[in-house]
Amino acid sequence: MNDEPEGGDAEPERALGERERAVLAVERRSWPGPGAKERAVREQLGLSPVRYYQLLNALLDDPRALAHDPVTVNRLRRVRAEREQRR
């Protein structure tokens, strides 16, 4: 039996980095009011809100993020799809 992934690529897939996992963790939380999440993004992650949302959007298309936190990623994919549909 061959343990290599499909396609014969012998290099294992890289796991999500610490920052990527932290972005998903922020999205998993509920926030008490406007501005609290953005403040936490700046203080905990050291990112501007714009950069945070860019990273988050890229994560939604990353299969590693889906494997790491399927509930959060699928919820955010649904929200994104609904917004795109309204446009």
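Let's start at the largest pocket, where helix α5 gives the most to the lining, with six residues. Helices here are DSSP runs of H or I with at least four residues, numbered from the N terminus. A pocket is an open set of points on a 1 Å grid over the protein atoms alone, where a 1.4 Å probe fits and protein lies on both sides within 12 Å along at least five of seven lines; lining residues have an atom within 4 Å of a point.

Before going on, a word on what you're looking at: this is a predicted model, where local features need pLDDT of at least 70, side-chain atom pairs count only at pLDDT 80 or more, and totals for chains, interfaces and linings use all residues. Residues are numbered from 1 along each chain as its sequence is written, and side-chain values use heavy atoms, leaving out hydrogens and water.

Back to the pocket. Its volume is about 320 Å³, taken as the space filled by probe spheres set on the points, with grid points joined across faces, edges and corners. Of its 13 lining residues, N57, L60, V79, R80 and R83 are the closest to the centre. Helices α3 and α5 each supply at least two residues of that lining.

Now step back to the whole chain. It has five helices and zero strands, and 29% of its 87 residues count as buried, meaning under 20% relative accessible area with a 1.4 Å probe, protein chains only.

An α-helix has 3.6 residues a turn, so residues three or four places apart point the same way.

Is V41 buried or exposed? V41 is buried, with a relative accessible area of 2%. Not counting residues up to four places away in sequence, V41 touches V26, G46, L47, S48 and Y52, where a contact means heavy atoms within 4.5 Å.

Note on methods:
Buried < 20%, exposed > 50% of the residue type's maximum accessible area, 1.4 Å probe, protein only.
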